Amino acid sequence: MNKVHNVGIIGGGVSGVVVALQLAELGIDNLLLEQKGNVVNGPPFCHLHAGGNLYPDISDEQCRILMKESIKMARLFPQSIDERPTFISVPKTEDYLVDHIEDRLDMLVDYYKKLIEEDASNAILGDPEDYYKIYSEKDLDALAKLPTVKRPATPDEWMTNAAKLIDYNQLKMPVLLVQEYGWNMFRLGAQAQLAIEKADTCTFKLNTKVEQVIDVRNQGLGYNWEIHTNHETYRVNYLVNASGFRTGKFDESLELDVHCLIEFKAAYVSKWQPIEGLIPELIFHGERGTPHGMAQLTPYREDYYQIHGMTEQITLFKSGLVESIDGAQPIFNEEINQKLDYGWNKDEIKTRTEASIDYIAQFVPSFKTATLGGPPMYGAQQIPGSDVNLRVGEVSFPTQFYARSEIIKASSALTVANQIIDKMQQEKVVSSLLEKINNNSFLDSVSKDEIDKLASEFTDVRGYPKALSRLVIERE
Ligand SMILES: Cc1cc2nc3c(=O)[nH]c(=O)nc-3n(C[C@H](O)[C@H](O)[C@H](O)COP(=O)(O)OP(=O)(O)OC[C@H]3O[C@@H](n4cnc5c(N)ncnc54)[C@H](O)[C@@H]3O)c2cc1C
């Protein structure tokens, strides 16, 4: 058997890679095991959620946590952040109050100012006074008459382009433009993988599936866990279970009492040429899971647009949400497992993508001309406990020398990594006098060209258009 590693991490999703990189920065030896051929290949993400403005129902506290955690992650992975704003609206048919949304935005502006006072480098969302802007119907009428702006720079320029396309007679007034940015998972994955490859203290194994974990904590062997994979067996002192919606599988085999939900969801890729200018992300709020759930249009490069519709015909699925019953691991039905393991059939891709296009066309009539642009972006995520509306999940430590990552949004990954390191210090697996010399030396050493190249390869091997690996607002 090979050497004893200080930490073993199961899963190279956003959570696993950030744990590995944080440990590497501290010089802590770790082993990262990912079953697929590249990292961050699980459920997609495309929004940073810096403020939680896509969720009118969540608590102010969750909004603040999302803002704080998103800013931390954006500082780690700047090359994956797409600095285009988000248009937020409430259709006249919905109960949500625009006043309530505005109050929450004011709270977030104050909170953002506080974060900048604590550390000026947190100002990644621009000037707090420009975090959001309100537009009346009269404003929209005036902006819609102005010429299209090819590369908008100000909120009014973004809104000029949006106002030409949206049927705003259907919307409650006012509407808002918020500095909620996009987040590119291909670029984040590429930067993380390249950084991990440079980290001497990280032993990184792709195409390595963990089949079983054996608890040897009481056997006096000088290590605590044996990790059996399809290739070999590894020995580690501390175990981080970051296997995403499959975390329950290992909890169960270790007889840990854990309860969670898992949810399968999908977004669709379309191609559309609206006008000769960029548009913001478009959000039309609606109650999740009803036939009029939120409609969401996310711009990508080269006229690709991603669509979410929070209904069962589009993003959500009948039986797509399941909870732990007899054991820790919830189990999807056969149809969903087929999609996760073998992909989708072409007819369903076409039907669901077309339904998603029609859904957006309710509010953006010219979107009717959009066509299928690629396979859906889909996957399953976990939600700790039993509250489906929870948007901030972090980490639990159900037994000694074991951490279970429970992130719901990708933005929680750094918080979780730091909580795990704190716990490891408490449990004396690593020294309590750890000091980082340079916070992000491995990530910072990866160049934009390297990220461009690997992110493009990631889209290719996963069957998506290469344009999805680029930012709408390119960065230096
Ligand atoms: C449709 C959709 C849209 C979303 N949009 C957003 C968004 O806009 N913004 C946002 O922040 N979040 C979004 N999310 C949530 C986000 O995708 C997840 O929170 C995040 O990806 C979870 O990361 P993770 O590392 O915990 O898990 P995962 O990404 O699932 O990573 C787990 C990893 O473990 C590996 N693994 C599993 N079992 C084993 C094993 N036995 N051996 C070895 N490796 C194993 C997997 O291959 C995978 O790489 C979205 C989710 C969905 C489904």
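The model you have open is a predicted one. Select residues 304-309 and colour by accessibility: six of the six residues are buried.

**Neighbours of strand 15**

Four bridges tie strand 12 to strand 15, and the two run antiparallel. For a landmark, pick lysine 271: its bridge partner in strand 15 is tyrosine 304.

Select proline 299 here; opposite it in strand 15 stands tyrosine 305.

Stay with this pair and move to the turn. Strands 14 and 15 form a hairpin with four residues between the strands. Glutamate 302 in this hairpin takes a positive phi near 55 degrees. Most residues other than glycine have a negative phi.

**A second hairpin**

Jump to residues 395-399, which make up strand 18, and 402-405, which make up strand 19. Three bridges join these antiparallel strands. Select valine 395 and serine 405 together: they are bridge partners. Two residues lie between the strands of this hairpin, and phenylalanine 401 has a positive phi near 60 degrees.

**Two loop residues with positive phi**

Which loop holds histidine 49? Look between strand 2 (30-33) and helix 2 (60-76). Histidine 49 is not a glycine, yet its phi is positive, about 60 degrees. Show the surface next. Histidine 49 has 5% relative accessibility, so it counts as buried, the cut-off being under 20%.

Go on to lysine 428, in the loop between helix 10 (413-426) and helix 11 (441-444). Lysine 428 is not a glycine either, and its phi is positive at about 60 degrees. Is lysine 428 buried or exposed? Its relative accessibility is 71%, and the cut-off for exposed is over 50%, so lysine 428 counts as exposed.

**A cis peptide bond**

Select methionine 173 and proline 174. The peptide bond between them is cis, with omega near 0 degrees. Most peptide bonds are trans. Proline 174 sits in the loop between helix 5 (155-165) and strand 6 (175-178).

**Zoom out**

The protein has 12 helices and 19 strands. Its radius of gyration is 22 Å, close to the 23 Å that the globule rule gives for 476 residues, so the protein is as compact as a globular protein of that length.

Of the 476 residues, 60% count as buried. Next, draw contacts between residues at least 6 apart in sequence: 73% of them join residues at least 24 apart.

Switch to the surface. Its accessible area comes to about 19400 Å², and 47% of that belongs to carbon and sulfur atoms. Last, colour by charge. The protein has 48 positive and 69 negative charges, and their mean positions are 3 Å apart.

How values were computed. Residues are numbered from 1 along each chain as its sequence is written. This is a predicted model: local features need pLDDT of at least 70, side-chain atom pairs count only at pLDDT 80 or more; totals for chains, interfaces and linings use all residues. Side-chain values use heavy atoms; hydrogens and water are left out. The radius of gyration is taken over C-alpha atoms; the globule rule is 2.2 Å times the number of residues to the power 0.38. Buried means under 20% relative accessible area, exposed over 50%, partly exposed in between (1.4 Å probe, protein chains only). Contact means heavy atoms within 4.5 Å. Accessible areas come from the Shrake-Rupley method with a 1.4 Å probe; for residues, only the protein chains shown count as cover. Lys and Arg count as positive and Asp and Glu as negative; His and the chain ends are not counted. The place of a charge is taken as NZ of Lys, CZ of Arg, CG of Asp or CD of Glu. Two strands pair if DSSP finds at least two bridges between them.
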